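Here is a short briefing to read alongside the model. Take a look at the structure first, and then we can walk through a few spots together.

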Amino acid sequence: MACIALPKFLNLINYSLLKNKLFLPLFLLLAIAFNSQAQKRNPTISGNITDSKNGEELIGATISVPALKIGTTTNAYGFYSLALPPGNHEVEFTYVGYLTQKKTINLQADTHIDLELTESKKELNEIVIKTDKVTTDNVTSNKMSVIKIDVKQVKQIPILMGEVDIIKAIQLLPGVQSAGDGSTNFIVRGGNIDHNLVLLDEAVVYNPSHVLGFFSTFNGDAVKDFELYKGGIPAQYGGRLASVLDVHMKDGNTKKLGVTGGIGVLSSRLTVEAPIIKNKSSFLISGRRSYFDVFFPLSSQLKDVTAYFGDLNIKLNYEISDKDKLFLSGYFGKDALGFGSFAGFGWGNNTGTLRWNHVFNSRLFVNTSLVYSRYNYNFDINLSENLNFTRSNYIDDLNLKVDGNYFANANSNFKFGVKLNNYVFLPGKIDKIKEASIIEPQSLPKKKAIEQDIYASHSFKFGARFSAEYGARLSIFSNIGDGRSINYVNGTPTFVENGFIKESAKDSKNPYTYYSSGEIYKTNYGFEPRLNLTYLLNSSSSLKASYNRMFQYMHLIQNITASTGQEFWTPTDNYIKPQMSDQIAIGYFRNFMDNKIEFSVEGYYKKLKNTVELREGADIQFNEAIEAQVVAGQGRAYGLEFFARKQTGKTTGWIGYTLAKSERQADNINKGNWYSFRFDRTNYLTIVLNQQLNDRLSISGNFIYATGEAFSQASQRYSVFGSTQQSVSIYYGERNGSRFPAYHRADVSLTIGRKKRPGRVYKNESDVVIAVYNVYGRKNAYTLSYDTLNNVPVIYKWYLFTFVPSITYNFKF
């Protein structure tokens with residue numbers, strides 16, 4: 001196993017605590033803060049809020065006392081705590097899309113209240129308000145640059161091939177864009193593809209895409225909740241510059257057996273969930289598999305092609321007591337693309353999370369997690385019995401983390417935590433497929449690192465109008481042995497020629513410095529302050545501001561944006577510096593029509609440092625001297641984002657518009673001048689609408705308009721005549737100095753539900769979704785190629801998708 005053994009991993013934790021002496025002072029300060037907050041504390045109500053139908057914990061549910069104008073929300077695990085003065089109180093429990101429930105309590109001591117909420121289409125026998133409560137979180141919450149979309153709404157959005165895809169949904173939000181037509185790789189506020197932290201039940205998903213990026217790894221039937229942070233990123237998150245996409249899997253139905261699934265044009269899915277012990281323990285198994293390769297044999301041109309993807313989500317949970325819960329979740333994904341027996345490549349993500357929730361008392365909640373993530377990819381060539389090989393790469397990530405949440409009172413909340421990561425990188429390995437192969441096995445040296453993180457934050461309110469959250473994160477990234485690094489003299493790779501280790505030097509120890517097992521040979525530190533501020537102008541509008549600094553110690557090396565198995569991750573080391581970003585944002589937030597319509601406008605400015613840029617003509621294939629192929633750069637991005645959304649009623653949807661600029665600069669690239677980032681798009685407009693026509697029919701549509709991507713235009717073509725042949729070379733002008741034509745498309749879908757008779761109760765649900773991607777057949781440019789026709793240079797524009805219809809049958813019982 002590439003990852004270190006657990007006992008050794010725990011020894012690293014102990015070593016880190018003693019070596020850096022950082023954790024004790026923080027916990028001492030927090031203990032003092034907790035004690036001072038508790039001197040004159042009020043009694044609390046605390047507990048968990050769940051869905052009455054399936055027992056799922058509701059994340060972000062609101063618990064409030066309108067008479068006192070105070071409240072709180074459930075955390076990522078469905079837990080809440082609210083301190084109130086002794087006496088009688090009317091408490092409201094609300095969640096978007098669910099019926100609001102009111103309870104009158106006589107609070108004299110700490111009281112535990114677990115509550116179930118019911119979707120608004122159902123009736124309750126308890127005392128409730130029989131309407132869908134519309135929240136004011138857009139205005140009142142101390143969050144900005146954060147968007148959460150209900151998974152039910154995502155399922156209504158027309159998507160390529162009819163697949164429910166949360167990443168395709170967030171690409172329709174302001175400040176977010178796709179990295180290519182139909183791609184699930186995404187760009188946030190001028191960041192790169194690898195600048196996004198994608199989490200599934202706390203585990204990092206290093207490549208959240210299937211089929212060269214056209215489908216994401218997230219099966220919509222297995223997802224309970226997700227949230228995207230574009231800025232104002234809380235202190236508990238770190239490791240990436242641009243954004244955090246935090247996805248939570250469903251826990252599994254604790255009430256009864258549930259089966260959901262769908263049969264589509266190119267793939268099908270099935271999810272089974274049920275209680276193991278009713279109301280105490282449950283499981284979920286969700287699988288998905290494409291089958292477009294089944295149809296390839298029907299085509300003479302594709303009969304030898306193999307292409308498929310599959311993934312599996314598994315989750316178990318067990319409530320030990322009202323204070324302790326255990327969760328075990330896993331994700332296993334695989335992609336394969338082959339061309340007969342001659343060539344093929346594939347990749348896959350595997351994650352596992354073991355989580356323990358413990359409630360120490362009504363105010364202190366702690367989650368402890370052991371998390372594993374692996375991303376591997378391979379490329380195979382099998383030309384003959386004696387000419388074949390397989391090349392593989394991987395990254396292993398094992399971490400132990402503890403996150404605490406202390407609810408001091410209704411106006412004060414502390415969060416704190418520690419984390420230790422162990423990384424193992426294999427940048428490349430070549431093995432024989434068959435013993436007779438003349439290709440000799442070889443491997444690039446593994447790279448190992450540990451990362452330690454510690455964070456703390458404090459949220460508080462001053463009076464009825466002002467709220468703030470301040471905090472910081474300290475990250476410590478260390479390269480460890482065993483391993484080796486290439487020797488550079490004054491930044492010059494003495495033993496490197498044309499970006500590779502010289503053959504004459506490979507057998508010598510001179511080009512390298514060697515490190516023993518466990519030896520720390522390079523350490524980088526990052527102090528990351530965070531700040532969020534909110535000022536309520538009135539009950540329906542507010543001003544917000546945020547600042548965050550982020551460090552990134554791991555870098556994706558790739559020369560194209562599609563996932564082909566050729567890309568790989570490499571750590572910060574002696575020569576590649578950690579990337580850093582600073583972002584400030586301000587915004588105005590306003591609700592209209594009794595909070596039915598949310599509106600916001602945000603302005604941001606982001607400065608990036610030590611960005612990893614490929615040199616001109618870089619060769620990254622099986623190259624140990626990768627630092628000789630990259631150069632450190634800098635970047636800047638700024639823009640305005642407008643967003644209006646309606647989440648309730650028969651007509652729902654949103655309109656988003658982004659006006660932005662994103663640039664890069666690096667020595668030896670574009671003559672050292674600033675140039676447009678590839679995904680710099682001045683204008684980006686999205687419209688998403690859904691109309692419920694009646695109980696059976698709904699129609700949805702979305703429209704996108706964007707400035708064309710930047711690219712480097714060929715400016716000269718010249719021929720070189722040798723003794724035996726002629727070679728043609730192309731000279732490119734200013735980097736990203738030209739633009740593709742504007743990108744735009746419209747998608748539509750019609751959902752036809754099961755016909756229901758009045759007064760009859762149905763246990764099963766089903767619907768058919770008919771969708772068309774790019775309904776008017778726009779030929780959006782994907783890439784360009786250069787050739788000659790009758791000895792005249794020509795440029796070809798390539799596109800991927802025009803009019804793409806799909807049909808999907810969904811069922812649930």
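Let's start with Gly231, which sits in the loop between strand E17 (223-229) and strand E18 (243-249); helices (H or I, at least four residues) and strands (E, at least two) are DSSP runs, numbered from the N terminus. This is a predicted model, where local features need pLDDT of at least 70, side-chain atom pairs count only at pLDDT 80 or more, and totals for chains, interfaces and linings use all residues. Residues are numbered from 1 along each chain as its sequence is written, and side-chain values use heavy atoms, with hydrogens and water left out.

**Around Gly231**
- Gly231 counts as buried because its relative accessibility is 0%; buried means under 20% relative accessible area, exposed over 50%, partly exposed in between (1.4 Å probe, protein chains only).
- Leaving aside neighbours within four places in sequence, Gly231 is in contact (heavy atoms within 4.5 Å) with Met144, Ser145, Val146, Arg189, Asn548 and Gln583.
- From C-alpha to C-alpha, Gly231 and Ala545 are 10.0 Å apart in space, and they are 314 residues apart in sequence.

**Around Ser281**
- Ser281 is placed in strand E21 (residues 281-290).
- With 5% relative accessibility, Ser281 counts as buried.
- Beyond neighbours within four places in sequence, Ser281 contacts Pro275, Ile276, Asn317 and Tyr318.

**Nonpolar cores**
- The largest nonpolar core has 85 residues, and those with the most contacts inside it are Leu173, Phe218, Phe226, Leu245 and Trp569; such a core is a set of buried Ala, Val, Leu, Ile, Met, Phe, Trp, Tyr and Cys residues joined through side-chain atoms within 4.5 Å.
- Apart from that core lies another, of 20 residues, among them Ile63, Ile70, Val91 and Tyr95.
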